[in-house]
Amino acid sequence: MFGLNKKDFGLMVIVAILALAAPFILNPFPEGSAMAQFNAGYPDLMQRLVIFGIFAIGFNILFGLTGYLSFGHAAFLGVGSYAAIWMMKLLTLNVIPAIIVSVIIAGLFSLLVGWISLRRSGIYFSILTLAFAQMSYALAYSVLTPITGGETGLQPKYTDPRILDGALEEGQTPRANLFGLDMNQGFELSLGGWVFTFNAGYYLAAVVMLIAFYLSIRIFRSPFGMMLRAVKSNQQRLNYTGLNSKPYTLAAFVISGMYAGLAGGLLVAMDTQVGAERMFWTASGEVVLMTILGGAGTLIGPVLGAGFIKYMENIVSKINKSVLEQWFAFMPDGIEDLLITLVYPFVGKGWHLTLGLLFMLVVIFLPGGLVEGGQRIGRVFRRRDANADSVESDAAEQRKPAAE
Amino acid sequence: MSFNNPTRRGLLKTGAAASAALTLPTYLRADGHSGFTNAPQGSTVTLGFNVPQSGPYADEGADELRAYELAVEHLNGGGDGGLMNTFSSKALKGNGILGKKVEYVTGDTQTKSDAARASAKSMIEKDGAVMITGGSSSGVAVAVQALCQEAGVIFMAGLTHSNDTTGKDKRANGFRHFFNSYMSGAALAPVLANAYGTDRKAYHLTADYNWGYTTEEAVRSSTEAMGWETVNAVKTPLTQTDFSAYIAPVLQSGADTLVLNHYGGNMVNSLTNAVQFGLRDKQVNGKDFQIVVPLYSRLMAKGAGANVKGIFGSTNWHWSLTDEGSKAFVKSFGEKYGFPPSQAAHTCYVQALLYADAVERAGSFNPCAVVEALEGFEFDGMGNGKTLYRAEDHQCFKDVLVVKGKENPTSEFDLLEIVEITPVEQVTYAPDHPQFAGGSLGTCNPGA
């Protein structure tokens, strides 16, 4: 169906169910219980999960398929965001033009960066992209302050012209909408102790993510995708056969740049604010982590990785000492203090440390990322199929040559 | 089915799925809770403390969090009550806020506006925080303030010094107790004229971002009004760690005063470089060469060590003040943590108390009621003398301290001495002053 084979279609359906039922899945603990700390089913985080999922899916088209490691993808995210916010300031608060323009602008910018950076490969390519991203960051932070708002960033104001919407009343807060449907509108569903939040913005982002995921499957399975894999396995050999691989890598670069721009545009649609830090090199590094953590070259891996990292950032970072004290309150004093001392460095502001450790564990023991972990667990349960192909197996095969 | 050769059945299926997807949004109608966002339920109220726990201002953030924990303790009736005893308003009774026990959630702003907003959003959407406070950078303050305006909760800014927070980016739901660039300039200029004369030639090095610009503008316009001349103003990248290339041209320029519009690590490095170049031993135009740092903090003074000796700057509050409020705060903070609080800790503690007091006086957590209670509120006993929360821009007006690096520090905390307490009249400006123009508070937003 939809040009997908049976396995891919199955994967697509699973992702669709996960995305649409996220408010239930991410809120497994009843409100008010001690475990409610771990609930992630609130609009902002759900939106971030799918948006960074899109970002990582796009990055994976470049890195997973061609093996080109871009260290500057956050620049495209940032450029897309700035384009989107300017659309909201100048044209309309409807998110559709903002998202479309952000994709186009990010595509053009990535065409420029890719055209220059792709003259080199390997580490030189990575450094070039990193340089471009840091340059964009520095420009946005200071020199381009009139356009980017510098450190303060940009937000829509009621004083903005907005030619399609007409002026807002004095003092009204501009809100992003989709043909009148407010992005932060939603409703809550209480079932017993559980509270599930459904949010319009999230569902818009989720639908876009599903489309992006579908496109990425089509790219993976297309002759074009095959060519990109050929680049990854041996670009020199490809060149010797008389094929010019550059248009393919450049196309992949631009596509992944457009994905990043789409993610940037959606970020603005959900939360109407842009700051230059969005383009900082750590943000570029984060998407690399997401992709590798989830499983580079696999279809669903980057989405899992993005979800994992954003969850850590937003949930684990908020566990503070008083929360720990509540958890361990039932224990005798000495043991309680000991446990708190032991656990405290890994939560709250120490979430980076936990993430780093988990990342090391994944890279060492599951080189194929979380997807490989899932496959191993799956294999335990169906021994019979140990040698059968799974959905991601061909991607996992592809990964191996690069690891040599 | 594939897109290349659609079948009738496939088309129907796709159509049905698509129309289901499109009708989905119509189910998403807010009913939510009545009145205002996150109306406290039950016997507790949740506040959100959003401070930098990692990144360049992590030290300030840690001190802010200490101050908030102390404030919560005092609000709930623990400890010695701290500033609640000296505060001119007696609405707070030490039984929480409106009888509800104060609980709090914390988050890490990472000094990035994105991260700060994500963290604030999770406090509002997940934890039900009715007020967000904290932060140690103006970019973050402006971003979170705008978010709180949209979401319909109160924002009590932490350490933010840029004019824009209560200038072009002011919001009805946001309040700032800390002073700003303009006040620094206005307070410093007379002291500088007194100490160094009125015919100085100044050379500015300015951190290349928003706060740097407003500070440079403020110091420039107030010193030029005193008769100083600005020879040159050079922007330095925020990430710069070695400023020697920027210091060398200063001497050739004929300037006899260097103004460092730098904060945090920037200032520590630029000042150290300037002193190492021997600027302070030089004579230019027949005058001793001087250096000025518009915004000082104890943590910065500590970083720059002996180099700060004798250098003028301004600060919001200092623990060595001897009024009743300051003494009470230093005492309870010192007893709990073992060292004196920084100005960041002070402003955050005061903000938390001011919010609680406003809720008590308004009799409601409704943001609009709180805004009304805070607007035009005059109070005393919080360590800064008589203070006014001006209704027009939600900026606190109070005395500003001009300080100088101490020549003979007696401890690692005793690095600054107070030169002058500039009275509030001298740092007050009109709400539509050009340095603050272009913004509008709008109307308070109580949310859903």
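Which strand order does the open sheet of three strands in chain B have? The order is β13-β14-β15, and the pairing is antiparallel. Two strands pair if DSSP finds at least two bridges between them.

The model is predicted: local features need pLDDT of at least 70, side-chain atom pairs count only at pLDDT 80 or more, and totals for chains, interfaces and linings use all residues. Residues are numbered from 1 along each chain as its sequence is written, while chains are lettered from A and ligands numbered from 1 in the order in which they are written.

Three bridges join β13(B) to β14(B), residues 387-389, and the two run antiparallel. In this pair, B:Phe379 stands opposite B:Thr387.

Now take B:Val424, which lies in helix α13 of chain B, residues 424-427. It has 18 C-beta neighbours inside 10 Å, so B:Val424 counts as partly exposed. The scale works on C-beta atoms placed from the backbone: a residue is buried if 20 or more others lie within 10 Å of its own, exposed if 12 or fewer, and partly exposed in between. Setting aside neighbours within four places in sequence, B:Val424 is in contact with B:Lys386, B:Phe397, B:Lys398 and B:Asp399. Contact means that the C-beta atoms of two residues, placed from the backbone, lie within 7 Å. B:Gly385 is 39 residues away along the chain, and its C-alpha atom is 9.2 Å from that of B:Val424.

Chain B also holds an open sheet of five strands. The order is β2-β1-β3-β4-β5, with parallel pairing. At the edges stand β2 and β5 (174-176) of chain B, each with a single partner strand, so one side of each has no neighbour in the sheet. From one strand to the next, the twist averages 20°.

Walk across this sheet from β2(B). Eight bridges join β1(B) to β2(B), and the strands run parallel. B:Val45 faces B:Val102 of β2(B), and B:Leu47 stands opposite B:Tyr104 in that strand. Strand β1(B) spans residues 44-51, and six of its eight residues are buried, so it is largely enclosed by the rest of the structure. Next comes β3(B): β1(B) pairs with it in the parallel sense over three bridges. B:Phe49 stands opposite B:Thr133 here.

Strand β3(B), residues 131-134, is covered on both faces. B:Met131 and B:Thr133 are buried on one side, B:Ile132 and B:Gly134 on the other. In a regular strand, side chains alternate between the two faces of the sheet. Four bridges then join β3(B) to β4(B), residues 154-157, again parallel. The bridge partner of B:Met131 is B:Ile154.

Two packed helices are described by the angle between their axes and the distance between the axes. Axes are lines fitted to C-alpha atoms, for helices over the stretch in contact, and angles run from 0 to 180 degrees between N-to-C directions.

The axes of α4(A), residues 73-90, and α10(A), residues 246-270, come within 7 Å and cross at roughly 45°. That makes α4(A) oblique to α10(A). Angles under 35 degrees count as roughly parallel, over 145 as roughly antiparallel, 65 to 115 as roughly perpendicular, and the rest as oblique. Residues meeting here include A:Gly78 and A:Ala84 of α4(A), with A:Gly261 and A:Leu267 of α10(A). The contact has eleven nonpolar, eight polar and no charged residues. Ala, Val, Leu, Ile, Met, Phe, Trp, Tyr, Cys and Pro count as nonpolar, Asp, Glu, Lys and Arg as charged, and the others, Gly among them, as polar.

In the second pair, α3(A), residues 43-66, and α11(A), residues 281-294, have axes that come within 9 Å and cross at roughly 75°. These helices are therefore roughly perpendicular. Among the contact residues are A:Phe52, A:Phe55, A:Phe59 and A:Phe63 of α3(A), and A:Val287 and A:Met290 of α11(A). The contact of α3(A) with α11(A) has seven nonpolar, four polar and no charged residues.
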